Amino acid sequence: MDVKDIIKPENLVYEKPGMLTANTMHYCPGCSHGVVHKLIAEIIEDLGIQEKTIGVAPVGCSVFAYNYIDIDWQEAAHGRAPALATGISRTNPDKIVFTYQGDGDLASIGTAEIMHACNRGENFAVIFINNGIYGMTGGQMAPTTLLGQVTATTPYGRDAERNGYPLKITELIAQLPGTSYVTRQSVHTPAAIRRCKKAITKAFEAAMDKKGTSFVEVVSTCNMNWKMTPVQANQWMEENMFPFYPPGDIKDGSKADPASFKQN
Amino acid sequence: MTEELIIAGFGGQGVLSMGKILAYSGVMAGQEVTWFPSYGPEMRGGTANVTVILSDKRISSPIINEFDTAIILNQQSMDKFEKMVKPGGTLLYDPNGITRNPERTDINLFKIDGTKIAADLGNVKIFNMVVLGAYLKAKPVVNIDSVEKGLQQSLPARHHKLIPLNLAAVQKGYELLESVTTL
Amino acid sequence: MGELKLMKGNEVIAEAAIRCGCDGYFGYPITPQSEVMETLMAREPWNETGMVVLQAESEVASINMVYGAAATGKKVMTSSSSPGISLMAEGISYIAGAELPCVIVNVQRGGPGLGTIQPSQADYFQSVKGGGHGDYHLIVLAPASVQEMNDFVDLGFQLAFKYRNPSMILADGAIGQMMEKVQLSDFKPRMTAEEIDAKYGSWATNGKKPNRERNIATSLEMDSAKMEANNKRFQEKYAKMQAEDVLYETIRCDDAEYILVAFGVSSRICQKAVDIAREKGMKVGLLRPITLFPFPKQIIGEMAKRVKGFMTVEMNAGQMIEDVQLSVGCAGCAVPVKYFGRMGGIIPTPSEVVQALEQKLIGG
């Protein structure tokens, strides 16, 4: 049997989402970014919102996110994506806006921007990739690096005295009255991927419905900088990351009703 | 005509708003105007001053070191600005709060007891309008119609009911200006 | 024309923004320019024209909100004062690199550091050289009156959109805080989504349409050859600004032997100094650069061939003097170029300027 006999429409079992471009991804084999990108591409296609969606890419490994999903994009300075998204959604309230940010971008240099955007309840979705390390610059400590975890700038393991504690930024975000839906997901198994897709869909729908800021953390692997195989990395994540960053919904609702704020 | 004026006193005496009403009166009279305040922390409780220039020509510098007229409402301002009046110029002051009278003999000196007159009119807040009236007697740079229009423009609509009181204060100041002779 | 008003420079910036069809303002309070946002918030333009006004959490956020909105083809702006502009430098560099239009107002105060809240012109270098990292320039407009605070908002947007480059209105605490008579502009409608698609569809990231490729607003380019090509394109843009959009004013220069060069509020002081000097028999004129970038090199070069000398008057330690010296030198002339100025928030007086002219240039 020739390959041409196999490549037929009736034999098609899987296809690249139409919203993914033909560009070859620069991500390392085993990286979680590719999976999350694919989910976002599928969701934009499913919801039929290509013409309305504007993505904001961060600085970090996903700086080139704009090469892969076939929508209009803006490339932000490090940490500033929520400010750009605020500018876009405030002046274009009919558009669907999302940021895609890593842990260094969102939880370190961009802490002020993400906190205040979420506190104002800006109507956009945030996709937050937490792999506990700076990937693009070569594996330095991130705010979410676990205690004892070895990175290029914590060669003997993260030490609380010297380096401070890992930051549970998603729990902080959930405290803010402007957020509607705050969840923590992963993409290391088919079941997790399906759950994550539901979560990101819900986050996009919340942005479309002007419910406030929606926030999806995806606990992820960086097998290259963790210096593991992809399979080992998934296992390490389950054993070490999940106890500290447990997957699941943290908040599911709508931004706070101003009437619930008692004026003293 | 160009009139370069400084109004100086304490924050809270209505120095800046008096300058603004005068400047707006100038606009209504078709003049070019600038209003340049001292600004910053000194506005609160400390000394406040504003330079107002009215002219029928394009105004050059909004910041000047010699004045045609100085309106002086406290001693610190007297110490600072008496010497900055041009020879032949005008100095108008309220004697309340002044511990040393002006000493220049080469300028025209006037005084107005604005504090007392405003109290007699039943509203100490219109002190600055009494002083404005006195000034307009000494230097008739704009007429009373323009002042009325200036008040309408510079006061928010909810305060327009106070315009007659303000104009009465201007009138009183105009009537009660006193010329001073130095010995 | 719109109404005749007596207004502060800062208030006029706000009013002019509403009237010229601005889509959004993002800012953070800082003295001496807080009246810009205060006036906007009191005016509630969202009810009148649909303009968005937002108080951001920092200047860093403000400029990045401007980036986001500008990249969708919207007409947006921010304002701040010196320390806040330093914080914006990163974002301004990204906006210039991504070739986006916007207006940034700097109501300068004295520095360095927290400095003073009094007027200054010490951000000249920062403004005309770009301010952030990389080879870029802003279009820099220097208003010298409250009327120009009104006029330059619209002009700033026009030039920003002409070149897809940020414009800066470089004012100072004096122009921001003083009131003058101002003829307000007529209202222009905000652009509709269809107009933005038609005019800026080649770059605006306002949602990918079926009839066009997706647009990406970015300053990133990993290929050095492409990045060099981008830089060459930017430089061509700056050369075009120099050829087409230099603005300046001359006062009593026709028979002048000595030329004062000053911008913004300093030029107002010099106008008076010229009058005083003329009364004393000195043949002095004033050149006021209105665009600080592009700088009026050519007129200075032409003047250098017939005058005996120049003196810049600046509220800084002598920054614009370098551009005047370059302009004189490029014209192959060697007439003296002197500087007089005050720093730290002190405004020079006209008589100080005349004294400096006598000591540094005419008598010397």
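Helices (H or I, at least four residues) and strands (E, at least two) are DSSP runs, numbered from the N terminus, and two strands pair if DSSP finds at least two bridges between them. This is a predicted model, in which local features need pLDDT of at least 70 and side-chain atom pairs count only at pLDDT 80 or more, while totals for chains, interfaces and linings use all residues. Residues are numbered from 1 along each chain as its sequence is written, and chains are lettered from A in the order in which they are written.

**Exercise 1.** Check the span of helix α10(C) and state how many of its residues are buried.

*Solution.* 
1. Helix α10 of chain C covers residues 224-244, which is 21 residues.
2. The expected span is 1.5 Å times one less than the number of residues.
3. This gives 30 Å, in agreement with the 30 Å between the end C-alpha atoms.
4. A residue is buried if 20 or more other C-beta atoms, placed from the backbone, lie within 10 Å of its own.
5. The number buried in α10(C) is 0, so the helix lies largely in the open.

**Exercise 2.** Describe the make-up of chain B.

*Solution.* 
1. Chain B contains 6 helices and 7 strands.
2. Of its 183 residues, 48% are buried.

Key: Buried ≥ 20, exposed ≤ 12 C-beta atoms within 10 Å, placed from the backbone.
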